[in-house]
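Subject: Structure handover and notes

Dear colleague,

I am passing on the structure we spoke about, together with some notes on what was found in it.

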Amino acid sequence: MTTQPTNDPSVTDRRLLSTQAYGTGQHLAARQSLYQWQTPRHDLPGIVVDELAGICGAVADVGCGNGKFVQRVRADRPDLTVLPMDISPGILAGIEGAVAADVQQLPIADGALGAVLAMHMLYHVEDQARAAQELGRILASDGIAIASTNSRTDKRELEDLWRRAAGDVLGIPEGPARVQLSARFTLEDAPAILGTVFDDVRTIPLPGVIEVTDSAPVVAHLASYEAWADQMGVPFKETIERARQRVDETIQSEGAFRVTCLGGILVCRAARAY
């Protein structure tokens with residue numbers, strides 16, 4: 001059975017997350033923007049709205065970040081009450097009704113919600129088992145939890161790019177790997193973690209290929225990891241610049257730089273009693 005990965009303090013550090021990583025929406029937006037060059041394009045907020053068909057009452061978006069999903073659900077399902085929540089007060093600026101809260105201890109009564117979202121955020125949680133229990137606790141008996149994350153195979157080309165660029169900077173064949181956020185909660189591991197609380201966990205895989213003819217989107221994505229620069233084991237800005245050069249060289253020789261993606265959404269139902 002797959003077990004929860006060992007805690008990486010740099011990925012779950014609450015101070016770092018609420019200030020440097022997500023003190024504003026800048027870095028998150030840079031990572032999100034890379035997907036506009038993906039084929040096929042997956043409308044994640046639209047998929048979430050579809051999965052909420054039949055749900056009524058209140059829906060919490062835990063770890064809502066810059067409010068991408070909150071905005072869409074409010075627009076498409078005005079009948080639902082949407083509760084935006086995030087551990088970082090700074091990133092919540094401008095999101096109506098937002099509350100700073102930790103998924104490991106949510107300020108919501110038992111069984112109060114029709115649905116809860118945890119989109120690309122559970123890898124930042126130190127105690128994922130406790131977080132899963134909280135997601136189950138706040139749901140009504142017929143409620144659903146919707147989570148998302150990436151496969152362990154996601155964007156391997158970017159990991160290879162980083163290590164080669166880092167190696168160039170250090171004068172060795174290959175440098176250290178960069179911090180990988182979703183490695184703590186991969187698409188492959190997530191069903192087992194969520195399955196301790198939910199009877200039914202359905203995975204919706206979302207494969208695609210990103211193809212760019214300008215290095216800027218890739219560089220912006222890599223640079224969005226600045227909060228973890230001290231943990232990279234290599235001069236961060238120099239490695240970013242060398243990565244830019246490598247991407248430009250690939251575009252010049254091959255016509256484009258390509259990245260293979262595999263993310264996914266997990267729809268969880270039937271929370272067990274506590």
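K155 is buried, with a relative accessible area of 4%, where buried means under 20%, exposed means over 50% and partly exposed covers what lies in between, for a 1.4 Å probe and protein chains only. The residue sits in the loop between β6 (139-150) and α7, and its phi is positive, near 55°, although K155 is not a glycine. Helices here are DSSP runs of H or I with at least four residues, strands are runs of E with at least two, and both are numbered from the N terminus.

Before going further, please note that this is a predicted model, in which local features need pLDDT of at least 70 and side-chain atom pairs count only at pLDDT 80 or more, while totals for chains, interfaces and linings use all residues. Residues are numbered from 1 along each chain as its sequence is written, and side-chain values use heavy atoms, with hydrogens and water left out.

H120 also has a positive phi, of about 45°, without being a glycine; H120 is found in the loop between β5 (113-119) and α6 (128-137) and is partly exposed, at a relative accessible area of 26%. A further backbone feature is the cis peptide bond that joins T39 and P40, with omega about -5°, and P40 belongs to the loop between β1 (38-39) and α4.

Turning to helix packing, the axes of α4 (residues 44-51) and α5 (residues 68-76) come within 9 Å and cross at roughly 50°, the axes being lines fitted to C-alpha atoms over the stretch in contact, with angles from 0 to 180 degrees between N-to-C directions. That makes α4 oblique to α5, since angles under 35 degrees count as roughly parallel, over 145 as roughly antiparallel, 65 to 115 as roughly perpendicular and the rest as oblique. In this pair L44, P45, G46, V48 and V49 of α4 meet K68, F69, R72, V73 and D76 of α5, with contact meaning heavy atoms within 4.5 Å. I47, which also lies in α4, touches I204, L206 and I265, leaving aside residues up to four places away in sequence.

The second pair consists of α7 (residues 156-170) and α10 (residues 236-254), which pack at an angle of about 115° with their axes 8 Å apart. On the α7 side the contact is made by L161, W162, R164, A165, A166, D168 and V169, and on the α10 side by F236, E238, T239, I240, R242, A243, R246 and V247.
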